[in-house]
Amino acid sequence: MKKIIVLIIVQALMFVGNAQTTKKISINIENNIEGAPITMGIPFPKGALNSVDNIRLINSLGKEIPIQTTEVTTWLPANSSVKWAWIFFFSETSPNYTLEFGGDVSPKLFSERIISTNNMRPQGGITVNTGPLQFSIDKQGNGFLDQVHLDLNQNNQFEEDEKIASAPIEKRGTFLDILDEKGLDMSKAVIHEVFREKGSGPLHTIFRVEGTYVYENNNNPSPFIIRIHAYAGKSYIKVLHTLTYTGEPDKHIKQKGQHANIATQNEILLSEETMDDPGWTQPNDQIAGCGLTFNYHLNNNVSFSSSIYEGDWFQDPTLKDIKLDQLNNEKTGILQTGPNQNIPNKTSSSTERIQGFKSRIYNGENTLEETQRSKGWIDISDSSKGISVGIKNFFKEYPKELQVDHNNNTMSGYIWPSGIEPMSFERKHTEKDGGMLGNFAQGITKTTEFIYYFHGKPELGKIKNVIDYSLQAPVAHASPQWYTQTKVYGNMAPFSSKHEEFENALQYKYDWWAFNQKWEPWYGMFDYGDGKNYYIGEEWYQWNNNEPMVDFQLWTNFMRTGDAKYYYLAEGISKHTMDVDNVHWPRKRTYLGQINDAVDYWDYKDEPESTPYLGIGRRHAEEHWYALLSAHVWIQGWIASYYLTGDHRALEVAKMTGDTYLKRIWGEHDLRGRRLYLSVLNLVELYDATKSPKYKKELDERVEIMLELQKEQGGNILIDRYGYSQTYVVQGLYKYYQLTGDESVKKALLDHARWVLNVPPYNHQMESYLATIYPLLLGYEFSGNKIYLNEAKKRAQYLKVDKLPKPNNEFANQKEYSQALLKISHLPKDISERFTNWETNQGLRVFGWTHAHNIPYLLYWLDKEVEKEKGITNRPKTNKFSGE
């Protein structure tokens, strides 16, 4: 016992020593733009950093620069040290920095800061002063910016003649208009609350505005969220707007009951045999227009600027600037449309690119310029001041529009343009999808990012740079070695050329995904970010809807490679899946008690309850909203995006999923099979991010059930039906063990490794067989016995991929690329001789079980094996921090 106590003391002193020593991390910014606001998530090994107060950032000249740090999560309950932190700063000319941390690091304090008030009394609102900019949002105002002032004379005061923007009338600063058989129903915006988000501080503050769109023609009210990012010393803001579609998507005859796939009872089940109901394919409530608007205050002589890309939409862009010296009283703007607005399955062929993209800069009825693609920004200026606005992914998330109405002095950014055909959500056919005939469009959401720049004398170069802070956002990252050695995601290896045949298997697949996103293309307001699963007969089928953790695959690859292209891919799919592939409404508000009158609580109690399906995901299907399933939501990638990018929306949606687990709406069904395995993976990620006891309690109970069931299954944690679910089990339980040190979980994983060693699963053929590689690696990690590593290496031989004959960007078309991928593959064929869904030219769904969640861990142990043979190490190591 004394020896154990001495060992614990020694280890504790080692951690203290680690935390007190100054360490350095190299930081690099891809696509750097001087002055850009940078929020980067950085992980730390267990025991390496006790407080985010002990961090500073040094530029390329060796000078400390202002930063804002936020503790995102810790290693608790295993250790109280910092696990993830956000570092905020403004980029400089050089893209290279050094982050220093440790107990003896004391950062400087800088004087520049944001000053703001948040008074949510009935007559209140928020006022934000960044230095050069002041803006306000009134609780009883118009839903967006009510007053904006720009300190043009730089006297640190905001005078009446310095007002540059104000709200329009009739509570329509933001709008979501609905069209149905009764006609156009114009929305009015009502603000309920404004909150400061985590990560707010002197340099960067985030306000979350929560409100509701209300209607006159009995349409369902629709909640909205606007997140406004303000920056010290800057006169631009980023605005993230989240809409929720609450309409009735079609006119099919409503029946009582629930679909069997998601039933919370068995008394009334819906029939899936209603194909003769024509209402399924008839649109009902459609989005007629959605966006943000305000009035501008400029002199009469106002110029208009923008830019477009010349050439075909898929080519490397050539940017052309457009300027109109004097606005007249006609509406002026830029409209981006595309080929797939309400026309499903219109794509490129395997040899020819689709056409139909149009970007038009107009002045009234006159077309000033027309091309296939625009960048997505406009500026209006008089001789001394101006306003710029841009929309991120303007082309990829078409349709979009930016418009100035000089007759009414309004500037509008359209998420869905009012002047084109409305967005409808009816089914395109009445065939069953995933065994269901349903329409679950009600409750989907969509988040769109704007940037607004209120500036003095117009300088086109500076305007374009500021707009690019959003439209072509820089990406900050540490070295791949840093991410992997922190062990926040277990024992992964960074990218290297040492095991080319395995890296080919990963990188070629991700590049194939990226190629098809741009070839098909997988673009559009509710499609961008996602991709499809199966490539059969030179055509793609079924939207992926994130199975299994496709966004996390890409986040992992970003961390392993440090390549910004994977960051952008991961960001796109995380944002898509948390919004479009999830159920968000009906949702009862959270009671906060912010109103003094006691009746407020009883009014809250009388509000309708939330849907039982809040936070569950949509099954892979022909359309994103055709099918639900009781085990089809993955939050691991959302949490990774929360850590790495500071995306608050990600944690918000993840908590909806976690709260639904607490309700156990499916009874014992919820606690068995794939639903149990996936829930443990999701809950351990959510608990790690929040440290909320309610998620820990639920997680503990589910882990206990899983381990108890293992005893009845001979050591196998999974029932045979779900052999491919190895990933859920080992990822979830390994992280649980990391956090808690629970030896029973360690033993369970070792027993499971022994089972899959001796009884490999084939229930889904290669999907299940190859999914056992990671469990075998855990068997080696926990036992040190090479039988596990040798078997993992043996099974992994199938995963090796030869070298392509040429770079991926040199293939002439999709067909040629696909054929080349098949020629370099070593994967076996399907025993039934149907198409092979794990092949190299397929999507990322099955690839997750066979490759993405296995190879990074395999390469770690292959490297350790080489080190051992060279005498560098004597045994497998786990969770040891080796420093820089």
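I began with H4 and H18, which are roughly antiparallel to each other (the term for angles over 145 degrees). This is a predicted model: local features need pLDDT of at least 70, side-chain atom pairs count only at pLDDT 80 or more, and totals for chains, interfaces and linings use all residues. Residues are numbered from 1 along each chain as its sequence is written, and side-chain values use heavy atoms, without hydrogens and water.

I read an angle of about 165° for H4 and helix H18 (residues 845–852), with their axes 11 Å apart. Axes are lines fitted to C-alpha atoms, for helices over the stretch in contact, and angles run from 0 to 180 degrees between N-to-C directions. Helices are DSSP runs (H or I, at least four residues), numbered from the N terminus.

Next I listed the contact (heavy atoms within 4.5 Å). Ala-505, Leu-506, Lys-509 and Tyr-510 of H4 meet Phe-847, His-851 and Ala-852 of H18.

Then I turned to H4 (residues 500–519) and H6 (residues 564–579). Their axes come within 12 Å and cross at roughly 60°. H4 and H6 are therefore oblique to each other; oblique covers what is left once under 35 degrees (roughly parallel), over 145 and 65 to 115 (roughly perpendicular) are taken out. On the H4 side I noted Gln-507, Tyr-510, Asp-511, Trp-513, Ala-514 and Gln-517. On the H6 side I noted Lys-565, Tyr-566, Leu-569 and Ile-573.

Tyr-510 of H4 is listed in the contact with H18 and in the contact with H6.

Conventions: Helix = DSSP H or I, 4+ residues; strand = E, 2+ residues; numbered from the N terminus.
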